[in-house]
Amino acid sequence: MKLPRTFLLAVLLPLAGAGAIRPVDPAKGMVLTNALVRMEFEPGTMGLATLLDRDTQVNHIAKLPEDGKHLLWEVAFQKGTQIQRVTNLTKPCSMAWVEELPGGDQKAVLEWNDQRFWKENGILTVHAEIELPQDSGIARWRVLVENRSDYWGLSTVTFPLVNGTPEAGKYDLARPTVSTGGNLLKAWSGKIEARYPSGGWPMQFCSLARGKGALYLGTQDPNARAKDFLLESAAPGRLGVVHYVDNMGVAGSDYPDYYAVELGVHRGNWVQSALHYRQWALQQKWASAGPLSRRVDMPDAIKNIGLWMIDHWLWQNRDGTVAQQNQPLIEAQKQMGVPMGMHWYNWHHMPFDNEYPHYFPAKSGFRERVKDLTSRGLLIMPYINGSSADLSIPDWPRFGPHAILDEAGGYRMSFYGEASGRLLAMCPSQEMWRQTIAGLVDRLVGEEGVNGVYVDQVSAMQADLCFAKNHGHPLGGGSYWTEGYRDEMRKVRNAARGKNRGAVITSENTDEVFFDLVDANLTWAHPTDEEIPLIQVVYSGYTLFFGSPVDISKSDRFFNYAQGQALINGRQNGWMGFELFAPEHKAKQDYLRQCGQYHVAAKKFVTFGRLWGPLEPRKPIAQFEDDGWGPWGKKHRGKVPVAEARLWQSEDGHLGVFFANYVDEPVTFPWQLNTEDYGLRQANLRLTEVTPEGAKFIGPTGTLVTRNETLAPRSIRLIEIAPESDFAFHDDQATGLQLTEAGKPVFTYNYGMLRRRGAPEPMRRSSYIYPFYTPSGVQVGDDFNPNHDHHRGIAWTWSVVAVGGKSYDMWGVKGIHQKFEKWTAREVADGYAKLGVTNGWYIDESGKRVAQEDVEVTVHPAKNQARQLDFALRFEAAGQPVEIAGTTEGKKGFGGFYLKFAPRDEGPAGTLIRTDRGVMEKDGVMAPARWAEIWGSVAGHDAGARVEDLAPNPGFPNNGWLMRHFLGILNVSWPGMPHYTLKPGKPLLLKYRVTLFDGKPAATAE
């Protein structure tokens, strides 16, 4: 819909009272400033003339020649192949103001209204906003462009566009790049114009460090529209973002405000830039599946891989039987001693890069080889291309209408060599193509039996601009490329996972927009002295990276650098050919084996944890020099450290310092770390060396760790820093004792008499557990629910408590209460926490103590998305016998140990209850079971709980249970309606286990 001419003032001017507005005279320029940054905008044209980091006193914009003017934006008009450009220098700024926002933030608004262009009056309006937070040097920049031309369409909008920066040789540029973590280009000069999204620029930011500060440029586009990052150091320098317009060149096309750009300064280097970007990135849809530890949708096979191999049809040229052909990989896995994956090329009948997408039939024997390998626990992942079709195939007319077209209506052809076909990029907006690729995966998994598929190019390709008018998407710019490929990969995943399948899906390179839809990302780039773990700092713990290929003819230290750095950066090592196993490469084999085994041993860090970045030595260490660094065709000689270290943190809060020594001599690596900077503030910490053979205690330490680490030649070392115990009790000195693990809440034991606001006074109670949490922090208990306000968390009460001829209802909180008397245990140790408490049963009317209960709860560390709580309950009558029983109402018999689960998002319909006898379709009353579990979505998170009746409890294993889908209750209804008599001197001991878990329950009962 065409925006009205008055849209800027009517819609965008702040409402009266929203904040103080300060008019600005554009002819005099404008200043935005806070304690961290000062931005000066040039009089008249309002170009950005100063970007001063007030901390480092570096002005990131150089002075221009005497007659030079500073840029802020550029708009490109297009008609056919003709493009004309207009900038903020074309006409003066029309109007401007600054709004003081709540909290001290500021927002500047600049407008260039109703500009004349090419003999059309009033066709162009540009509206720019710069919002500067009070506590940040990074501002948020937004732009809208209205085009009222009846001839010209918009092509691109470049904003912000700054000249005078970056000056050649003065910045270290950290950029996301192709098939690796990122590159740090020191004293950078040159020109980059890189498309996002793509494998070549897989994240929406870059960082230019200078001294102790950095210049940050990034976008916050949740829909991943096509755009280019522009950096040019040639004087006077240019920096900006090129936004591609929907319906490029179509008369009257506009550019609405789709997303913000961030431009500004911060203290630190590329690591701080990556951490800043991580805060936004992990909130986007491609991270919405959550941390890997909670990704029940992801097969465990890919999480457990230690090493990868790659080859074509015959490995080491071994032909013969299935067993003979497969023997090289079987031998490799045995030699390496870790779970392995195989990336398999040329399994299909036609030559590589020809006749796509017609891969079938597979070569004779493929299915049999796959069956043999998968039966041995290997991950077998054949290659297909998810982007390209061959113009030479006989049925090309069926595919041609779905190919990407350029502005002139021609195909976009990729030339990979004389042996390849005429491969064309297909438009991912086309359902026909998406179904084609999903169908290939369905056949590979369903018919050939593979447990993984590599879908090439999808994560590697850049967002192509398609101008095919029959595709149903905007011409040129937009988000259809991302949306189309996301849908393709969603269909691929469904084919790989459906029908009780569990196949792994990977793709080439690393493009963030697919991280929730692929299980791992191939990093095939060869080693370089410029690599930094940029993407790992942002996305560690949320996606997987694999691959560390290296020219095997290079020196051992060159090889060690490639493998060791990949390991400590968090990649699954390998993607190597079988030539590695030649006798002359034994030293390389040994180092790769070491890397693979450490990757498995360090899984809590490098798979499920987060990478904070490099840990720099306190003193410089030696370097070695070698040839061959960098991508194919651009090799150079360079120097790299003989050893490096990375700092990781696991989900339990432990820190892991990962070292790799690349050379044949011992290396001393001096380092220091303040654990308080990473939330590890306990005074008593322990150092442990983690090895593939197990853990070795080093000694105690405080929060400031200072060591000189002696690394043996060609070695890996992992030092874990952890509290003496991850568990801690916290008493609020009022009503509750909270237990935490690694700073996260586990549960609260309520020892005071509680009554929730609004609940009747008789409902006041104590001596139960609520709230309680899954390992990820989902609160899955319920208390004082209006439906049944007497239900409470995890409790142990009976409907019938008979004493001296009178009956009371502890379940319903009527006439008798449990009351706290004393603590008997509040222990925390390495591997468990124990809470012990003694309570009394007191008759309300007389205040008489009639029984004693001793409660002991042992809590085990969270593991594999679950946490176990073991309950030992001891009951003994005091003075005279006490009878306990379940309710006689409706012969339901409920009473005893129970768990009340939190309300589920979808109510009873979204609640699953299961026992050792199967899924409970209906509620259970006195239903026999050994255990029962309940699961559902709670506050948007899949979570559940299991209660187990344990031997030698009376009645085990045939006790009846109360199980309610609506109420969310699991109750071991013992003794049921028959009365059990507690006697003085003859205690009753009952034991139960509660497991709180994230995700969905396993498909089959234990």
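How many bridges join strand β3 to β4, and which way do the two run? Five bridges join β3 (residues 37-41) to β4, and the pair runs antiparallel. This is a predicted model, so to speak: local features need pLDDT of at least 70, side-chain atom pairs count only at pLDDT 80 or more, and totals for chains, interfaces and linings use all residues. Residues are numbered from 1 along each chain as its sequence is written, and side-chain values use heavy atoms, with hydrogens and water left out.

- Two strands count as paired if DSSP finds at least two bridges between them.
- Asp-53 faces Val-58 in β5.
- That hairpin has four residues between β4 and β5, with Gln-57 in the turn at a positive phi of about 65°.
- Six of the six residues of β4 (residues 48-53) are buried, so the strand is largely enclosed by the rest of the structure.

**Ser-479**

- Ser-479 is in the loop between β27 (452-456) and α8 (480-497).
- Its relative accessibility is 13%, so Ser-479 counts as buried (under 20% relative accessible area; exposed is over 50%, partly exposed in between; 1.4 Å probe, protein chains only).
- Leaving out residues up to four places away in sequence, Ser-479 touches Asn-223 and Arg-225 (contact: heavy atoms within 4.5 Å).
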